[in-house]
Amino acid sequence: GMDSGEVAIVGLDSWKERKRLRLSPATAVQKVTASADGRWLAVAQGPSLHVFDTGDWREVASGRYGQDIAGMTFSAGNRWLVAATDTTVVVWQPGGWRERRFEYDGPIETLRVSSNGQQFATTNHWRVGHGNGVHLTRVFDLTSGKETGWEYNSGDYPAEQFVQEEAARRHRAPAGGDAASVQAASSWPSVELQKPDERMSADRAWNAGASGSVAGLYDMAANRDLTGFDHGAEITSFGFVPARASRWLVTTGADGTLAVWPLRADDLAHEACARLHAMFGQPALSQLIADAHAEGSCEADY
């Protein structure tokens, strides 16, 4: 997504641009996300949400809300598109694109969608006193839209008093409904609502962080820092591609460039061979390989 209101579709096989979508008005694109099967592409443009069918790139649904879209995700099985602003959760059903809105009277701190794609949970946070304040977790069924459970969590006395007053105002107990789902919600995958300082790959093999123009990579299995990738400009966003079984770390820079950093040994070897071929040419490289007794090390790629 670009500040110009455009979205570039890039092929992972060739790293060439395959398609460019131009949204109207031409305002900055903040977020893009695709369904796991690649059928739908959702684009957040400030308070507007657009959905495209990747078969023909037609816009099949759109909505505009009172606040900017903070985060969005497709649920497991691609049955639902769940998005959130500061105080609203929006649920769309792909295909018919029927929309349902859930309004809150306070900022949404976290949004989680169950691994089976059947429920979502939100947490609101009120700061009361000098402690951790009050958290309200609510769980909803995606199919029916009904709230199935809730629970207030508080620490010190002022927060506990706030819970009693807030529960009385809402005419409900401090906890109720399906307690098991409320407890389970803390382990559900979360939807990113703020720009993170760190990202973990979905397979939990890698952790990355960005500072200035450098992205650092951490090997979770070996429990050690590996390297820092210098983008050459301030990094504005970064993530792992594909989301599952990540092969690359991708960074975007304030200078309008995108960089792809290989993570796997075979991709790193391929990149090294490409550079060697560019530097020496085939005859000279073949002689170097022969001199080093490394026959076949770069021959299979070219």
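The model is predicted, so everything here is about computed geometry. Strand β21 (residues 248–253) sits between two partners in the pairing: β20 (residues 235–241) is joined to β21 by 6 bridges, and 5 bridges link β21 to β22 (residues 258–262).

**Strand β21 and its partners**

- Strand β21 is mostly covered, with 5 of its 6 residues counted as buried.
- On one side, β20 and β21 run antiparallel, and S237 has T252 as its bridge partner in β21.
- T252 turns up again in the other pairing: its bridge partner in β22 is L258.
- The β21 and β22 pair also runs antiparallel.

**The two hairpins**

- There are 6 residues between β20 and β21 in their hairpin, and A245 in that turn shows a positive phi of about 50 degrees.
- The hairpin of β21 and β22 has 4 residues between its strands. Here G256 is the one to look at, with a positive phi near 85 degrees.

**F238, in β20**

- F238 belongs to strand β20 and has a relative accessible area of 7%, so it counts as buried.
- A259 is 21 residues from F238 along the chain, and their C-alpha atoms are 9.4 Å apart.

**N207, in β17**

- You'll find N207 in strand β17 (residues 206–211).
- N207 is buried because its relative accessible area is 14%, and the cut-off for buried is under 20%.
- Its side chain makes a polar contact with the side chain of E198, at 3.5 Å.
- Beyond neighbours within four places in sequence, the contacts of N207 include E198, R199 and M200. Also among them are G216, L217, Y218 and M220, plus F240.

**S35, in a loop**

- S35 is placed in the loop between β3 (31–34) and β4 (40–45).
- What does S35 touch, leaving aside its neighbours within four places in sequence? Its contacts are W40, F74 and N78.

Methods:
Residues numbered from 1 in each chain as written. Predicted model: local features only at pLDDT ≥ 70, side-chain atom pairs only at ≥ 80, totals over all residues. Heavy atoms only, no water. Buried < 20%, exposed > 50% of the residue type's maximum accessible area, 1.4 Å probe, protein only. Pairing = 2+ DSSP bridges. Polar contact = N/O pair within 3.5 Å; in protein donor to acceptor, adjacent residues only side chain to side chain. Contact = heavy atoms within 4.5 Å.
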